[in-house]
Each structure stands twice: as structure tokens, then as C-alpha cells.
Amino acid sequence: MKIRHASLADLDRISQIERESFPPLEGASRESIRGRIEAFGDHFWLLETDQGDIASFVNGFVIDLADLTDPMYDHPQMHDEKGKWQMIFSVATAPEYRRRGYAEMVLRQVIADCQDQGRAGLVLTCKEKLIHYYAKFGFVNEGISQSVHGNVTWYQMRRTF
């Protein structure tokens, strides 16, 4: 297995995994994913199996703003490579690869890369049932997020270096 960055050649598989991982109102559309890859492909980490299949991914852009807000999801042009904060928009694993620690492998790589890049840290939002999962990576729950993405309650979590 290897972790690499996304290219447009990965668009169909990434879109499929996104659809399989999130309810329609919460997941990114194929066009949104295309825009993300074009704008910040180096902030789109993929775990690829030895057979060349994408099993899991994490993506999000970099920005100086400290909080994750809904407009960020569909406006990849907000990406600023020199930004302090790595936002995380999606953590997803294909159904056939779940419960094998693959998302954890990718997240640990994302955290290491962000630290190596001198970022202040990472920010994500998650549902209440996943707070404990992200806490094991050093993310701290900051309470209910400003985000109302998908008409659900999100909690903002931050990992600071």
C-alpha cells in the first residue's frame, strides 16, 4: 500500500467512494471533487492498495482562517498554499476496505505532512458519534460548529502543533 496525492485520473473512483460514504446532502458532488483536485490536489491524500485500487482518502484545503465554514466546501479557490490551517473536508473509505485501519493510516500521514509543512494545525468537523475517533489523533472538540452542512449538527475539532 502507498499514500499518494490525487489527480483528475482518480476522479471517478474518489466520487464513488464519496457517494458510498456520505448521505447525498453531506457528500461532495463529482464536480465539487473535480474542483478540489484541480485547486489543491496536493492536499488530497489517497491510500492505494498494492493492486492499484483507491481504498481511502482525506482531503481539504489550506487557509489562514481558523474555523471551518460551509462556503469552504464548494469554493476551492479559497485555498491558500501559505495558509496556517489545514481544513479536512472528507475522510472516507470504500465499503469493501472499512474496518482495516486505512483511514487512520491516511490521517496519520496528513498530520505528519502538515506538521512538516509548518502549519499551525488541522481543523475538521464531525458528527458527535465520531468525536472519540478523532480525539485519538489529538483533535480537541471545540463544541458545535458554525457549519450546518447537510442540515445536521457538526462538532468542530482541532489538532494544533
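The model is predicted, so local features need pLDDT of at least 70 and side-chain atom pairs count only at pLDDT 80 or more, while totals for chains, interfaces and linings use all residues. Residues are numbered from 1 along each chain as its sequence is written, and side-chain values use heavy atoms, with hydrogens and water left out.

Let us begin with strand 3 (54–59). Helices (H or I, at least four residues) and strands (E, at least two) are DSSP runs, numbered from the N terminus.

Strand 3 has partners to meet. Two strands pair if DSSP finds at least two bridges between them. Strand 2 runs antiparallel to strand 3, joined by 5 bridges, and W45 has V58 as its bridge partner there. These two strands form a hairpin with 5 residues between them, and G52 in the turn has a positive phi of about 90°.

Now look at N59, which sits in strand 3. Why does N59 count as buried? Because its relative accessibility is 0%. Leaving out residues up to four places away in sequence, N59 touches R36, F40, H43, F44, M87, I88, F89 and S90, where contact means heavy atoms within 4.5 Å.

Next comes helix 1 (residues 11–21), whose buried residues are L11, R13, I14, S15, I17 and E18. They pack against helix 2 (30–40), strand 2 (44–48), strand 3 (54–59) and strand 6 (90–93).

I14 leads us to the largest nonpolar core, which has 36 residues; I14, F44, V110, Y134 and F139 have the most contacts inside it. Helix 3 (residues 102–116) gives the most to this core, with 7 residues. A nonpolar core is a set of buried Ala, Val, Leu, Ile, Met, Phe, Trp, Tyr and Cys residues joined through side-chain atoms within 4.5 Å. A second, separate core has 10 residues, including M72, Y73, M87 and V123.

Our last stop is L68, in the loop between strand 4 (62–63) and strand 5 (85–88). L68 is buried because its relative accessible area is 0%. L68 and L124 are 56 residues apart in sequence, yet 6.8 Å apart in space, C-alpha to C-alpha. Among the residues that L68 touches are Y73, M87, V123 and L124.

Note on methods:
Buried < 20%, exposed > 50% of the residue type's maximum accessible area, 1.4 Å probe, protein only.
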